[in-house]
Amino acid sequence: MFLKIFLLLFYMEFEKIKDEKNYLEFNLINSNETLANTIRRTIITSVPVFAADKIEIIENDSPMYDETIAHRIAMIPFTYSDNYIKKDKCECKGKGCNKCTVTLIVKKKGKANVYSGDFKSSDKNIVPVSNNILITKLEENMNFEIEISVILGTQKEHSKFQNSIASFSYDNPDKITFKIKSISGRNAKDILLASIDILKEKLSEFENQIRQKNSK
Ligand SMILES: [Zn+2]
């Protein structure tokens with residue numbers, strides 16, 4: 001009931017301007033800045049995407065320091081799948097299992113360059129968004145072997161989990177133009193829909209609290 005009233009109060013229309021894989025632009029008609037900002041903040045703080053969690057350097061003969069390699073890998077965006085849950089909410093209690101963690105292995109011997117495309121993933125649906133990110137260069141007979149754990153996270157936890165650049169503007173508060181540019185492996189419309197699911201979930205938790213308080 002509470003949820004219905006809330007949605008009626010915030011009745012608004014969606015008017016699509018541009019809908020591409022990594023970019024969504026739309027107008028919010030009959031809306032207001034507060035609601036637009038709520039959606040924007042939910043996108044920024046709460047919509048998860050994949051990034052490297054732990055990077056184990058097994059062997060690194062390359063001229064690059066282990067820390068530099070780990071930092072480069074942490075910045076790589078990965079593709080997205082709905083089949084995983086956040087590690088901190090997983091039944092493995094943060095140990096890491098196949099419901100919350102994807103493992104990628106990189107093993108290469110020089111003379112060669114190591115690229116993000118060399119990562120062998122435990123799930124073919126979770127891989128770096130680009131194959132051409134250079135990790136390091138190997139000379140003759142240099143070995144390179146690392147293992148990467150990739151998990152879901154939000155920007156609130158770490159900037160490496162930033163999903164998009166979301167912003168809005170208006171000349172007239174009744175018609176707000178909203179833009180979402182994905183910089184992760186999750187597409188822009190999916191990011192918007194996920195933010196609305198999160199808001200609905202928060203509101204229904206709130207509704208339940210009110211109901212429980214009333215029944216006491
Ligand atoms: Zn788990």
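By class, how many nonpolar, polar and charged residues does the lining of the largest pocket have? The legends below get to that, starting with the whole chain.

**Figure 1. The whole chain, a predicted model.** Local features here need pLDDT of at least 70 and side-chain atom pairs count only at pLDDT 80 or more, while totals for chains, interfaces and linings use all residues. Residues are numbered from 1 along each chain as its sequence is written, and side-chain values use heavy atoms, with hydrogens and water left out. You're looking at four helices and ten strands, where helices (H or I, at least four residues) and strands (E, at least two) are DSSP runs numbered from the N terminus. Starting at the N terminus, the order is α-β-β-α-β-α-β-β-β-β-β-β-β-α. The C-alpha trace spans about 65 × 45 × 25 Å along its principal axes. Of the 216 residues, 38% count as buried (under 20% relative accessible area, with a 1.4 Å probe and protein chains only).

Figure 2. Ile 126 counts as buried because its relative accessible area is 0%. Leaving aside neighbours within four places in sequence, Ile 126 is in contact with residues including Phe 50, Tyr 80, Tyr 84, Leu 104 and Val 150; contact here means heavy atoms within 4.5 Å. Phe 78 is also one of its contacts. The C-alpha atoms of Ile 126 and Phe 78 sit 6.3 Å from each other, though the two residues are 48 apart along the chain.

**Figure 3. The largest pocket, with about 570 Å³ of space.** A pocket is an open set of points on a 1 Å grid over the protein atoms alone, where a 1.4 Å probe fits, with protein on both sides within 12 Å along at least five of seven lines; lining residues have an atom within 4 Å of a point. The volume is the space filled by probe spheres set on the points, which are joined across faces, edges and corners. Domain 1 (13-47 + 163-194) and domain 2 (50-159) both contribute to the lining, so the pocket lies between them; the domain bounds come from an automatic or database assignment.

**Figure 4. Close-up of the lining of the largest pocket, made up of 20 residues.** Ser 46, Pro 48, Lys 86, Lys 89 and Ile 198 lie nearest its centre. Helix H2 (33-46) and helix H4 (188-215) are the elements giving two or more residues to the lining, and H4 gives the most, with six. And the opening question? The lining has seven nonpolar, three polar and ten charged residues. Ala, Val, Leu, Ile, Met, Phe, Trp, Tyr, Cys and Pro count as nonpolar, Asp, Glu, Lys and Arg as charged, and the others, Gly among them, as polar.

Technical notes. Buried means under 20% relative accessible area, exposed over 50%, partly exposed in between (1.4 Å probe, protein chains only).
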